[in-house]
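User: I would like to go through this model with you, starting with backbone geometry and then moving on to side-chain contacts. Could you begin with the first residue on your list?

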Amino acid sequence: MAVSDDGLVAHLRAALSPQRFPVRREAEVEGGAGDGRDAISFYDHYWPARSVLAISTARVAGGDVDAALRATGLRQLLRAVVATTLSAGQALEALAARVDTAGLDIGLLVLDVVSGKVSYAARGKAAVTISGRTNERAMVSGDIAWLAAGDIDSPGKAAASSEGIAGLIRDGIDRSRSGAACALLFKTPGRLAQETIFSIGNSHGDIQVAAEKVRRFLEMHGVVEEDVTRIDVALDEILTNAVNYGFEDGEAHEILLSLSIAADRLAIEVQDDGRPFDPLGIPEPDLDADLESRQIGGLGMHFVRTLLDRVSYSRRNGWNVLSLEKQLAGRTDRAS
């Protein structure tokens, strides 16, 4: 059966949509794109560096396969140049030097979530504002950044202060003919010291990748081997549960891990955008029963509870969030 151009364009439009922004203490992000027939619009959010968040909106003229492919390539190229420069203005200049920007509307914001330092820029029919202001070099708690590309107007300071950012996006998309919008609420500055954040895919091979990254982080901060082993076993069980039971659509997904150490206490959050799944709801095993009559399942999470000091689950903004805590037995003199 022949594949239609309309089908390809629809698939590429869907592929341009990022996964939902995970639950974060520093920032909240919402975005959307209007489905104009004469343009391909998209928004994006990503972490080009450890404490740096980038968000972008874009509209590419044309509604055919060529325009959809151009939009897909532009998104990947923009991610690459942002990772190189960590400056919105320099990133758009680098983009313009490498591709034809005719018919392209694009807005970009790059924020350091620890310091609040921000840069932003726009080309074509696009705009970036922060809580209704322009020419800001830093964001403070409560500020809202608004990015729009295409026919979507800025909501202005009054609207931004009276509505949640999800409502702002819905209203903006509903009023426009085509375009993309993204809003970022800066909630509180993050911490950089003794903290790491990274993401992996939802495959079994990615579990080993996560284990290696977690071990490097713990060893870098002098966590003793006994604790490293306990944490490795617990995370392996948790990530295996997420990969095995959390995703039913067969698509690639992101699992986000954040680790921080304060006062010899390790805090870990594991977040995924799979179906609602509470591993703590798995019944506790009957350890007194013989092997033949013992109920299958539950033993792994029993070990997790034993190895860690606190485990809790919540479902927030479409994400499963598993919060873990472990009081560290001690750290070597490599700890900072």
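Analyst: Ala263 sits in the loop between β10 (254-262) and β11; helices (H or I, at least four residues) and strands (E, at least two) are DSSP runs numbered from the N terminus. The model is a predicted one, in which local features need pLDDT of at least 70 and side-chain atom pairs pLDDT 80 or more, while totals for chains, interfaces and linings use all residues. Numbering starts from 1 along each chain as its sequence is written, and side-chain values use heavy atoms, without hydrogens or water.

User: What is the phi of Ala263?

Analyst: Its phi is positive, about 55 degrees, although Ala263 is not a glycine. Ala263 is also exposed, at 73% relative accessible area (buried is under 20%, exposed over 50%, partly exposed in between, with a 1.4 Å probe and protein chains only).

User: And Asn317, where is that found?

Analyst: Asn317 belongs to the loop between β12 (310-316) and β13 (319-327). Asn317 has a positive phi of about 55 degrees and is not a glycine. With a relative accessible area of 55%, Asn317 is exposed.

User: Which residues is Arg20 in contact with, beyond its sequence neighbours?

Analyst: Setting aside neighbours within four places in sequence, Arg20 is in contact (heavy atoms within 4.5 Å) with Asn317, Gly318, Trp319, Asp273 and His45. Arg20 itself lies in the loop between α1 (5-16) and β1 (27-34).

User: Which backbone oxygens does the Arg20 side chain reach?

Analyst: There are two to report here. The side chain of Arg20 reaches the backbone oxygen of Asp273 at 3.1 Å. A polar atom of that side chain also lies 3.0 Å from the backbone oxygen of Gly318.

User: Let us turn to His45. How far apart are Arg20 and His45 in space?

Analyst: Their C-alpha atoms are 9.2 Å apart, and the two residues are 25 residues apart in sequence. His45 has its place in strand β2 (residues 39-49).

User: What does the His45 side chain reach?

Analyst: The backbone oxygen of Gln19, at 3.1 Å. His45 is buried, with a relative accessible area of 11%. Leaving out neighbours within four places in sequence, its contacts include Pro18, Gln19, Arg20 and Phe21, as well as Val29, Ala54, Ile55 and Arg79.

User: Changing topic: how many aromatic pairs does the structure hold?

Analyst: It holds one, formed by Tyr245 and Phe277. The pair is tilted, at 5.8 Å centre to centre with 45 degrees between the planes. Rings of Phe, Tyr and Trp (its six-membered ring) pair if their centres lie within 6.5 Å; planes under 30 degrees apart are stacked, over 60 edge-to-face, and the rest tilted.

User: Which parts does the pair tie together?

Analyst: Tyr245 lies in helix α7 (residues 225-245) and Phe277 in the loop between β11 (265-272) and α8 (299-307), so the pair ties together parts that are 32 residues apart in sequence. Tyr245 is partly exposed, at 42% relative accessible area, whereas Phe277 counts as buried at 17% relative accessibility.

User: Finally, which residues of α7 and α8 meet?

Analyst: From α7, the residues are Arg230, Val233, Ala234, Glu237, Ile238 and Asn241. On the α8 side, they meet Gly300, Met301, Val304, Thr306 and Leu307.

Terms used. A polar contact is a pair of N or O atoms within 3.5 Å; within protein, one must be able to donate a hydrogen and the other to accept it, and residues adjacent in sequence count only if both atoms are side-chain atoms.
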